[in-house]
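Biologist: Could you take me through one part of this model in detail? I would like a close look at the open sheet and what surrounds it.

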Amino acid sequence: MKLDELGEWQRTVECGAPRQSDIGREVTVMGWVDGRRDHGGVVFVDLRDRSGILQVVFNPEENRAAHDAAGAIRGEYVIAARGTVRQRPPETLNPNLATGEVEVMADEVRILNESETPPFMIEDGTGVGEATRLKYRYLDLRRPEMQEKLMFRHRLTKAIRDYLDGAGYVEVETPILTKSTPEGARDYLVPSRVNLGNFFALPQSPQLFKQLLMVAGLDRYFQIVKCFRDEDLRADRQPEFTQVDIEASFVTPEQIYALVEGLLEAAFAVSGIEISTPFPRLTYADAIGRYGIDRPDTRFGLELADVTEILRTAELRVFREAAEKGGLIKALAIPEGSRLSRKDLDTLPDEVAQFGAKGIAWARITEEGWQSPIAKFLTEEHRKQVEQATGAGVGSVVMFSADKAKVVNDSLAHLRVTLAERLGMIPQGKNSLLWVTDFPLFEYSEEEKRAVAIHHPFTAPRDEDLEHLESDPLSVRSRAYDVVWNGTELGGGSIRIHRMDVQQRVFEQLGIGEEEARSKFGFLLDALSYGAPPHGGIALGLDRLAMLLSGGSSIRDVIAFPKTQRAVCSMTEAPSEVSPRQLRELGLKIDV
């Protein structure tokens, strides 16, 4: 089949644009053939571009040449058509299309390209597996719902840029090829051909560069930036991701909170969602104490209760040993516990095994008293105090976890959300945003047998805790904060260390000696010695925000060309082997 050239033709209107006001207008439309129907010699073509679908009619009585040419048209062919917009006959109106009241009577058509039969239908709700969709991503992205997600991301990004520009922030690009400073996730390394044996790293974040921009006096910076982390993947993680990166000089946490709350107001408005500001605040200690997690979903109750002191004297050995070893005993009360069957309760240990929990004890409170395998180990006073601490009453089921603090908190935090979802206790359409503040500066790593930074080593300690940095480092609170939406962390940040002496003290607590600090971060330490201003900022996950605001369940749906959960690109088959010549040029040998 001989294809046509586009020639001098220019598109005059997008497929989704014509309306009744355009009737009589001569137009040129271009796009992909979404469908073709032949009704008694008259050919109807649904023509699709990113704006929508338009019916183009080829009638032999109106134009024989155009009709004959349309006989060769098939699905997903690329065509251009010239004709006149006209009213559809009443019996052919299509209320499901924005253009459903009009059509174009074609006078001429040009077939610009053919198409093989696609591996799946180019339509919403195609039902094909994600593996196939990702392999043929360029076809998947033709589907209207996928194009709308990317266009939504565009509108979201624009709203964020406009908001930050209006607030006086300047977008500055920072390097992609930079120095490896491994703290946290693994770096992606890039070998240097010019400097054999040396490597660049792809940035896990622009953290150090944005701090240097503050030293440079830029004052207010932002960037919508690609970042890279070579880490084990989950459904909402990608090896490369995009974040909204913000930094400012001479700011307090309160000013960062106000800025981000305004930014999120603008972002949520893109989805037509109104949110209330200011957001509530919750300290890290309160979040862990009440919800077992530092990103709590506060749309519903079910708060945890620490019953360690109440049950320290209980005869149940698992309770007593947890308390004696410095662990925790926590309880979670579920009202209307009758909705949980005995089978439900017996499967609870399976729900929490992933967190290292050895089991979950439970008690059902009835008019006759506690019905539970553990009831005989608890005195009447124990039961009474547990009911008071948890707010449990007749009809409630109380669940207990006793172990190391992390195991208990992780287990009950998971159960809290899982059971709330199962029992329909989470209000639909409710948006709960909050700030979690006052994170610890350090935590102890059993794996590394030392203190590690909870956020990153450039986070400033609270001024009043600075005196305990050497004497009791695990008690030091940081000036870090996270913003949380319905149990999902949207972003996190902190006020940074701007004094070289404090930065060196923090490095020492992290086991980073002077020589190592100079080797990894010498440029930063030098910069801090040249009048660094107090500064701080935050980074928000753009992929996650776009996914949640567009109603998606996977960030892969709002990324044009994402990686799979195995960190590969199904379409290009990256990563892939490279030639021996390329390896020789880089001075590399493969040894696996």
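This is a predicted model: local features need pLDDT of at least 70, side-chain atom pairs count only at pLDDT 80 or more; totals for chains, interfaces and linings use all residues.

Modeller: Happy to! The open sheet has eight strands in the order β6-β9-β10-β22-β21-β20-β17-β11, and its pairing is mixed. At the edges are β6 (170-171) and β11 (281-283), each of which pairs on one side only.

Let's look at β10 (residues 240-249) and β22 (residues 535-541), which pair in the antiparallel sense over seven bridges. Here Ser-249 stands opposite His-535 in β22. Helix α5 (residues 207-215) packs on the sheet, where α5 touches β9 (220-228), β10 and β22. The direction of α5 makes about 20° with that of β10.

Asp-438 lies in the loop between β17 (433-437) and β18 (442-445). The side chains of Asp-438 and Arg-462 are joined by a polar contact of 2.7 Å. Leaving aside residues up to four places away in sequence, Asp-438 also touches Thr-283, Tyr-284, Arg-477, Ser-478 and Ala-480.

Finally, a helix pair: the axes of α4 (residues 144-166) and α16 (residues 542-549) come within 10 Å and cross at roughly 120°. That angle makes α4 oblique to α16, and their crossing is right-handed. Among the residues that meet are Phe-152 and Ile-160 in α4, and Leu-542 and Leu-549 in α16. By class, this contact of α4 with α16 has seven nonpolar, one polar and two charged residues.

Note on methods:
Residues are numbered from 1 along each chain as its sequence is written. Side-chain values use heavy atoms; hydrogens and water are left out. Axes are lines fitted to C-alpha atoms, for helices over the stretch in contact, and angles run from 0 to 180 degrees between N-to-C directions. Helices (H or I, at least four residues) and strands (E, at least two) are DSSP runs, numbered from the N terminus. Angles under 35 degrees count as roughly parallel, over 145 as roughly antiparallel, 65 to 115 as roughly perpendicular and the rest as oblique. A crossing is left-handed if the near helix is turned anticlockwise from the far one by less than a right angle, and right-handed if clockwise. Contact means heavy atoms within 4.5 Å. Ala, Val, Leu, Ile, Met, Phe, Trp, Tyr, Cys and Pro count as nonpolar, Asp, Glu, Lys and Arg as charged, and the others, Gly among them, as polar. A polar contact is a pair of N or O atoms within 3.5 Å; within protein, one must be able to donate a hydrogen and the other to accept it, and residues adjacent in sequence count only if both atoms are side-chain atoms. Two strands pair if DSSP finds at least two bridges between them.
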